[in-house]
Amino acid sequence: MIERKDLFSIPFYNKTQYTGSHLGMRYRIEKHVEDDSTTLLATWWPGPYCFTATPEEQKKDQHLRIF
């Protein structure tokens, strides 16, 4: 489980996304801007393949508000 202490500061996500894995689950956290709303988009999928090699139907995501 990803906790607040595991995240980088917001300026990090302005430059790139963060990827990792935990117990066979892969994840990616990135900044997402839509209209006037800025969120972090967390996407997770079963390993072992990378984000681009995994079919879209296997990926799940959630938008996280930035305070």
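Predicted model: local features only at pLDDT ≥ 70, side-chain atom pairs only at ≥ 80, totals over all residues.
Student: What share of the residues of the chain counts as buried?
Tutor: The C-alpha trace spans about 35 × 25 × 20 Å along its principal axes. Among contacts with a separation of 6 or more, 15% are between residues 24 or more positions apart. Of the 67 residues of the chain, the share that counts as buried is 21%.

Student: How many bridges join strand 2 to strand 3?
Tutor: Strand 2 also pairs with strand 1, in the antiparallel sense and over five bridges, with Ser21 standing opposite Arg26 of strand 2. On the pairing with strand 3, Tyr27 has Trp44 as its bridge partner. Strand 2 and strand 3 run antiparallel, and the number of bridges that join them is 10.

Student: Which residue of strand 4 stands opposite Leu41?
Tutor: Strand 3 and strand 4 pair in the antiparallel sense, and six bridges make up this pairing. Within strand 4, the residue that stands opposite Leu41 is His63.

Student: Where does Leu23 lie, and is Leu23 buried or exposed?
Tutor: The hairpin of strand 1 and strand 2 has two residues between the strands, and Leu23 there takes a positive phi near 50°. Most residues other than glycine have a negative phi, whereas Leu23, itself not a glycine, has a positive one. Leu23 is placed in the loop between strand 1 and strand 2. Because its relative accessible area of 82% is over the 50% cut-off, Leu23 counts as exposed.

Student: What is the relative accessible area of Asp35, and which class does that area give?
Tutor: Asp35 is found in the loop between strand 2 and strand 3, in a hairpin with two residues between the strands. Although Asp35 is not a glycine, its phi is positive, at about 55°. The relative accessible area of Asp35 is 73%, and so the class is exposed.

Student: Which peptide bond is cis in the stretch that includes Pro48?
Tutor: Pro48 lies in the loop between strand 3 and strand 4. Most peptide bonds are trans. Here, however, omega is near 10°, and the cis bond runs from Gly47 to Pro48.

Student: Is Lys59 buried or exposed?
Tutor: Lys59 lies in the loop between strand 3 and strand 4, and, leaving aside neighbours within four places in sequence, Lys59 is in contact with Thr43, Trp44, Trp45, Phe51 and Thr54. Its relative accessibility is 12%, and because the cut-off for this class is under 20%, Lys59 counts as buried.

Student: How is Pro55 classed by its relative accessible area?
Tutor: Pro55 is found in the loop between strand 3 and strand 4, and its C-alpha atom is separated by 9.3 Å from that of Trp45, 10 residues apart along the chain. With a relative accessible area of 33%, which lies between the cut-offs of 20% and 50%, Pro55 is therefore classed as partly exposed.

Student: Which residues lie closest to the centre of the largest pocket?
Tutor: About 430 Å³ of space lies in the largest pocket. Of the 20 residues that line the largest pocket, those closest to its centre are Ile2, Leu7, Ile29, Leu40 and Leu64.

Student: How many residues in the lining of the largest pocket are nonpolar?
Tutor: By class, the lining has two polar and four charged residues, and the number of nonpolar residues is 14.

How values were computed. Residues numbered from 1 in each chain as written. Heavy atoms only, no water. Pairing = 2+ DSSP bridges. Helix = DSSP H or I, 4+ residues; strand = E, 2+ residues; numbered from the N terminus. 1 Å grid on protein atoms, 1.4 Å probe; cavity = no way out; pocket = protein on both sides within 12 Å on 5 of 7 lines; lining within 4 Å. Points joined across faces, edges and corners; volume = space filled by probe spheres on them. Nonpolar A, V, L, I, M, F, W, Y, C, P; charged D, E, K, R; others polar. Buried < 20%, exposed > 50% of the residue type's maximum accessible area, 1.4 Å probe, protein only. Contact = heavy atoms within 4.5 Å.
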